[in-house]
Amino acid sequence: MSEKKQHKSKIGGQALIEGIMMKGVRTSAMACRLPDGTIDVETWEDNNGADAPWYKKTPFIRGTFNFVSSLISGYKCLMKSADKQMTDDEEPESKFDIWLTEHLGEKITGIVSVVALIIGLAMSLFLFKFIPTVATKSLVDIPVLRTFLEGILKIVIFICYIAITARMKDIRRTYEYHGAEHKTIACLESGQELTVANVKTNSRFHPRCGTSFILISLFISILVFCFIPKFASFNSTAAIFIRLGLQILLLPVILGFSYELIRLAGRKDNAFTRAISAPGLKLQRLTTREPDDSQIEVAIAAIKPCIPEKLEEDNW
């Protein structure tokens, strides 16, 4: 590793519960610190290289598919990481838990995951779609101005949500793993050997972060929604839901543009990319924390299986 030149890696990751998931070109992996102190590593084949399906490579289309794919794999890994923290010393199951296990068996985990996912999506739509639309419906009748206010309110809600959750002990620890993920990827990109000492010298802020992607998406949405017809000037309930529907239908457009911008920011370093990266990098002061050595060890264990033998395959 120490002799390799600097490069922009395709490898991206996600912080888990006491662990990290990394997605590579051919292989993805998750590493978790178990309650006994050991590091558990799982790997699986992935196809994010040059021979990936067309919808993962076509500009402006790949953004939506890659985003959804990352959400699904990230959620599965998050649930797995939570399961790995369970020990035999946990409190005994309640009668209700026993009844569910007897009647649903192994299906119960999948059912709970689906229910939790549906609730999460519903809450996201409520916070970032319904509330901003309803809150601004009586403020102004000028469509463009109303769209701008909606967008600003979404960004405020997003930042407030992050700021509040960052104060929670468990979330703060997850953000430390998030910092370890960024620092480890930066260490790989710099061409340094993947050691705890080397990783610690790298920045915990990275332009390809999911936090930055969401923030860019919110900014892009303000521009895109300015082209929605004059439903913004109507205050009827029907107009509100028509506007919400159009916003949902335009999500692939927003994700497509945002993904291309985040790719550009991860590949190039110039005045334009630094400008579009700046807000996300600032926000990462909330979503990342400096990790300790044990968390960096987990990040290194997660990224090593994802590094291809031919490093040129990993060029972003």
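1. Aromatic cluster. In this predicted model, W54, Y55 and F65 form one aromatic cluster. The structure as a whole holds four aromatic pairs. One of them joins W54 to Y55 in an edge-to-face arrangement, with 5.8 Å between the ring centres and 85° between the planes. Another joins Y55 to F65; this pair is tilted, at 4.9 Å centre to centre and 40° between the planes.

2. Y55 lies in the loop between β4 (39–45) and α1 (62–84), whereas F65 belongs to helix α1, so their pair ties together parts that are 10 residues apart in sequence. W54 counts as exposed because its relative accessibility is 56%. Y55 has a relative accessibility of 31% and therefore counts as partly exposed. F65, at 40%, also counts as partly exposed. The cut-offs behind these classes are under 20% for buried and over 50% for exposed.

3. Backbone at F60. The loop between β4 and α1 also contains F60. Although F60 is not a glycine, its phi is positive, at about 70°. Most residues other than glycine have a negative phi. With a relative accessible area of 45%, F60 is partly exposed.

4. Backbone at E18. E18, likewise not a glycine, has a positive phi of about 55°. Its place is the loop between β1 (12–16) and β2 (19–23). Is E18 buried or exposed? E18 counts as buried, because its relative accessibility is 18% and the class covers values under 20%.

5. Packing of α4 and α10. Two packed helices are described by the angle between their axes and the distance between the axes. For helix α4 (residues 143–165) and helix α10 (residues 271–287), the axes come within 9 Å and cross at roughly 30°. This crossing makes α4 roughly parallel to α10, because angles under 35 degrees are classed in that way. On the α4 side the contact is made by F158, I159, I162 and A163, and on the α10 side by L283, L286 and T287. By class, the contact has six nonpolar residues, one polar residue and no charged residues.

6. T165 in α4. Which residues does T165 touch, not counting those up to four places away in sequence? They are I171 and Y175. T165 is found in helix α4. At 11% relative accessibility, T165 counts as buried.

7. S277 in α10. Helix α10 contains S277, a buried residue with a relative accessible area of 7%. Leaving aside neighbours within four places in sequence, S277 is in contact with P207 and A265.

8. The chain overall. The secondary structure comes to 11 helices and four strands. Of the 316 residues, 40% count as buried. Among contacts between residues at least 6 apart in sequence, 70% join residues at least 24 apart. The chain exposes about 17200 Å², and carbon and sulfur atoms supply 64% of that area.

Technical notes. Residues are numbered from 1 along each chain as its sequence is written. This is a predicted model: local features need pLDDT of at least 70, side-chain atom pairs count only at pLDDT 80 or more; totals for chains, interfaces and linings use all residues. Side-chain values use heavy atoms; hydrogens and water are left out. Axes are lines fitted to C-alpha atoms, for helices over the stretch in contact, and angles run from 0 to 180 degrees between N-to-C directions. Helices (H or I, at least four residues) and strands (E, at least two) are DSSP runs, numbered from the N terminus. Angles under 35 degrees count as roughly parallel, over 145 as roughly antiparallel, 65 to 115 as roughly perpendicular and the rest as oblique. Contact means heavy atoms within 4.5 Å. Ala, Val, Leu, Ile, Met, Phe, Trp, Tyr, Cys and Pro count as nonpolar, Asp, Glu, Lys and Arg as charged, and the others, Gly among them, as polar. Rings of Phe, Tyr and Trp (its six-membered ring) pair if their centres lie within 6.5 Å; planes under 30 degrees apart count as stacked, over 60 as edge-to-face and the rest as tilted. Buried means under 20% relative accessible area, exposed over 50%, partly exposed in between (1.4 Å probe, protein chains only). Accessible areas come from the Shrake-Rupley method with a 1.4 Å probe; for residues, only the protein chains shown count as cover.
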